[in-house]
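Thanks for making the time; I would like to walk you through one model this morning, going from its ligands to its domains and then to a few details of the backbone. Please have the sequence and the structure open while I talk.

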Amino acid sequence: MSDHSFSGFELPDELRMLSEALRDFVRNEILPVEAALDPTLRAIPQPQLGELQAKARTAGFWCMDAPVEFGGGGLSTFEMAVVWEAASRHRYTFPTPGGGVIGYSPPVVLYRGNEEQIEKYVKPVIEKGLITFTAISEPTGGSDPARALRTTARRDGDKYILNGRKMWATNADEADFGVVYARTDTATGRSGISAFVVETNTPGMHVSKVPVMRNHWTTEVEFNDCEIPAANLIGDEGEGFALAQKWMVRGRVMLAAQALGVAEESVRMAAEWSKERETFGALLATRQGVQFPLADSLVEIEAARALAWKAAWKDDQGQDARVDASMAKLFASEMGFNTVDRCIQIFGGMGTAKEMNLEHWFRDLRTMRIVEGASEIQRYLIARDLLGAAATGR
Amino acid sequence: MKICVLVKEVPDAAVQKRIDPATGRMDRSGEKNLNPYDTHAIEAAMQLKESGALPIEEIVAVSMGPESAVRALHKAVSLGADRSVHLTDAALAGSDVAATGYALAQTLKRENPDLVLLGQQSDDGECYTIGAVVADHLGMPSLTQVIKMDVEGGNSLRAERQAEYGYDTVQVSLPAVISVGDAINEPRYPSLKAIMGAKKKQLDTVSAADVAIDASKVGGDHSAAQWTGSKEPPKKAPGRIIEDEDTAQTVEQIVAWLDERKLI
Ligand SMILES: Cc1cc2nc3c(=O)[nH]c(=O)nc-3n(C[C@H](O)[C@H](O)[C@H](O)COP(=O)(O)OP(=O)(O)OC[C@H]3O[C@@H](n4cnc5c(N)ncnc54)[C@H](O)[C@@H]3O)c2cc1C
Ligand SMILES: Cc1cc2nc3c(=O)[nH]c(=O)nc-3n(C[C@H](O)[C@H](O)[C@H](O)COP(=O)(O)OP(=O)(O)OC[C@H]3O[C@@H](n4cnc5c(N)ncnc54)[C@H](O)[C@@H]3O)c2cc1C
């Protein structure tokens, strides 16, 4: 073998073991609990959730992506890509694999907070398993928040006063606190936006549920002269988006990995079924009309994994992986949705039953094509990188 | 005190096992894993250590096998072992159960353990024998198929053995060699920290000479048992499928079938 051969596709032993451990945990602990639930439920209820969380925490399968110094698992982007794929093969895997069982990490922008904020907000989320929210999008739009964002934060002595409306803030109804992006400077675009910690019981904040097609609903949040301490500003005024930038690649890679895990599991289920189900005197597995969609899905799964792993690897090397991450999120979420759709078709009526995970994943993945940068936005980012200023008509 | 746990790398449970017709040995080329019974042995060691009933300072995982067996040792460490010993040598290839037991015993002698734990059976060889062979070479008592273990006083264990006719309760003084069944405990999940730190734990690789193994007693050529041939189990006759067109008739047919065979 020459010294120049590529040695990148073998996972290190420990990562393989970790991925297997997560896969076993999901299979042996989460799946049986989910299978016994009323399939119209939208999440794993208490007390089952609490019992599963206790087991996960004992093994350290808890906020694995959060930095070690804050009590998390400290995994790298690549490690998260591998682990998330293994952890996502169950019903309530959206928006977060484990459905709460393996913890929810705090809003990443808070990792850039000051010492007090880390102690008061970051560490308790991991230690106590608190739920948090992030509110960027508004009724005026989510794809282009730099222009669409209207919520204001006006400094008044040692306070900021929030006014405005947020749309789609996942978890604001259950959270103890969240991070709200608001304008501190109404004259500028992106650079006028700041990030604040807002506790959900603050007077002047009102949360209402917004039911959506996926199991995990969202909320609308209104701020009417909602006063928060000035100490709740994260970083400096105007730094809101820049602070979170560092974790954007990781977030998109993790979404891609989630779609991958679900797609793989769907194909496994459909392949099994095709070897059992007979129509017109022969197994479904003998029909090219069944073989080809399965084959296409497998090819696309491999392609999506290659994209996700490359983006993750570049991110860990300290290289700029933003475009790679856009490619991974775009391709994997579209692939995941198409794959689940094909697998539902192979199952026929059974595929649409709520007792089958496919039905849940179909709705979740349909939503994934819109959240955290819709497919069009990822394409736009990729094209803008290719075309430069010409892409914006300048 | 020191516990040594014997661990073996075996083909993954999901892999269809196959004898290579050319060599008569099991085809071990596919996915491999730590023998599931051995995870119970490690868990038993961990529970003894954590209970504090015996002053256990160290749990050492020991394996004999090719280079890939390092993975089984990493897994053992991720499940709680403090360090591991890997016996590997071309001279050992093809050893039968007696030779394997001798080689493992030589490796254990260097560690001088107070207790040797192992799985009652491997997932591939399924000889149920290594424990007894190892105990014989070490001059220690051997208990097999143990499904419960309690500390009695400072230096002995009270163990329950799963026997064909029921359960034996046996008291054994240490040092001893104990093979455990899977009913003994529910192995924990390897923890994130332990998995990520597994490679940092001490792993000693030893050759046959390092542990004074007599080369004339090991390896395929020196094993007393020699493979001479193997054949597939006879194929089962296909079952009869009764199409359920008329349920009353279907039930009648099933009852008649059972009745013919005097099953009802
Ligand atoms: C279930 C769910 C959970 C959510 N959770 C959160 C949350 O926790 N926090 C939060 O802040 N937000 C959240 N969102 C909001 C989400 O980020 C936005 O819905 C998303 O960014 C799209 O914004 P929009 O809905 O306003 O659509 P718009 O921005 O109005 O876009 C509408 C459509 O046009 C497309 N489009 C936009 N620009 C272009 C273009 N230049 N070329 C071509 N097509 C374009 C978009 O891709 C989209 O398909 C959530 C949304 C959903 C559905
Ligand atoms: C003729 C012949 C040739 C063979 N050739 C080979 C060969 O080429 N390669 C090969 O891998 N095997 C070979 N074997 C099988 C092997 O040497 C032994 O049969 C096997 O190691 C022990 O038997 P078992 O696994 O069935 O033990 P069991 O008695 O069923 O196992 C009980 C426990 O012993 C421990 N244990 C068993 N083996 C080991 C080990 N190697 N290291 C640490 N702990 C262990 C484990 O804790 C296990 O749970 C051969 C066997 C025969 C008869």
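The shell around ligand 1 draws at least three residues from each of two domains of chain A, namely domain 2 (132-234) and domain 3 (244-392), where the domain bounds come from an automatic or database domain assignment. What we are looking at is a predicted model, in which local features need pLDDT of at least 70 and side-chain atom pairs count only at pLDDT 80 or more, while totals for chains, interfaces and linings use all residues. Residues are numbered from 1 along each chain as its sequence is written, and chains are lettered from A and ligands numbered from 1 in the order in which they are written.

Staying with ligand 1, there are 20 residues around the ligand, and those that come nearest are Gly142(A), Ser143(A), Trp168(A), Thr170(A) and Ala374(A); a residue counts as near a molecule or strand if its C-beta atom, placed from the backbone, lies within 6 Å of it. Helices (H or I, at least four residues) and strands (E, at least two) are DSSP runs, numbered from the N terminus. By class, the shell around ligand 1 holds 10 nonpolar, eight polar and two charged residues, where Ala, Val, Leu, Ile, Met, Phe, Trp, Tyr, Cys and Pro count as nonpolar, Asp, Glu, Lys and Arg as charged, and the others, Gly among them, as polar.

Which helix does α11(A) cross? The axes of α11(A) (residues 375-387) and of helix α9 (residues 322-347) of chain A come within 9 Å and cross at roughly 145°, with axes taken as lines fitted to C-alpha atoms, for helices over the stretch in contact, and angles running from 0 to 180 degrees between N-to-C directions. The contact includes Val323(A), Met327(A) and Leu330(A) on the side of α9(A), and Leu381(A), Ile382(A) and Asp385(A) on the side of α11(A), two residues being in contact if their C-beta atoms, placed from the backbone, lie within 7 Å. In terms of class, the residues of this contact divide into five nonpolar, four polar and four charged.

Let me step back to the domains of chain A, where the assignment gives domain 1 (13-106), domain 2 (132-234) and domain 3 (244-392). The C-alpha centres of domain 2 and domain 3 of chain A lie 31 Å apart, and five residues of domain 2 are in contact with seven residues of domain 3.

UniProt, in an unreviewed entry, has the annotation "domain: Acyl-CoA dehydrogenase/oxidase N-terminal" over residues 13-126 of chain A; such positions are given in the numbering used here, feature names are shortened, and annotations may be inferred rather than shown by experiment. Over residues 13-126 the chain is 51% helix and 0% strand. The annotation "domain: Acyl-CoA dehydrogenase/oxidase C-terminal", also from an unreviewed UniProt entry, covers residues 238-386 of chain A, and that span is 74% helix and 3% strand, with its end C-alpha atoms 28 Å apart.

Of the 32 residues around ligand 2, Leu118(B), Gly119(B), Ser122(B), Gly125(B) and Cys127(B) come nearest, and α3(B) gives the largest share of the shell, three residues. That shell has 13 nonpolar, 14 polar and five charged residues.

Where the chains meet, the contact takes 14 residues from chain B and 11 residues from chain A. On the side of chain B, α2 (69-78) and α5 (192-197) each supply at least two residues, and the residues of that side divide into six nonpolar, three polar and five charged.

Last, some backbone details. Most residues other than glycine have a negative phi, and most peptide bonds are trans. The bond from Gln46(A) to Pro47(A), however, is cis, with omega near 5°, and Pro47(A) lies in the loop between α1 (13-35) and α2 (48-59) of chain A. In chain B the bond from Leu174(B) to Pro175(B) is cis, with omega near 5°, and Pro175(B) sits in the loop between β9 (166-173) and β10 (176-180). Finally, Asp225(A), which is in strand β7 (residues 218-229) of chain A, has a positive phi, near 45°.
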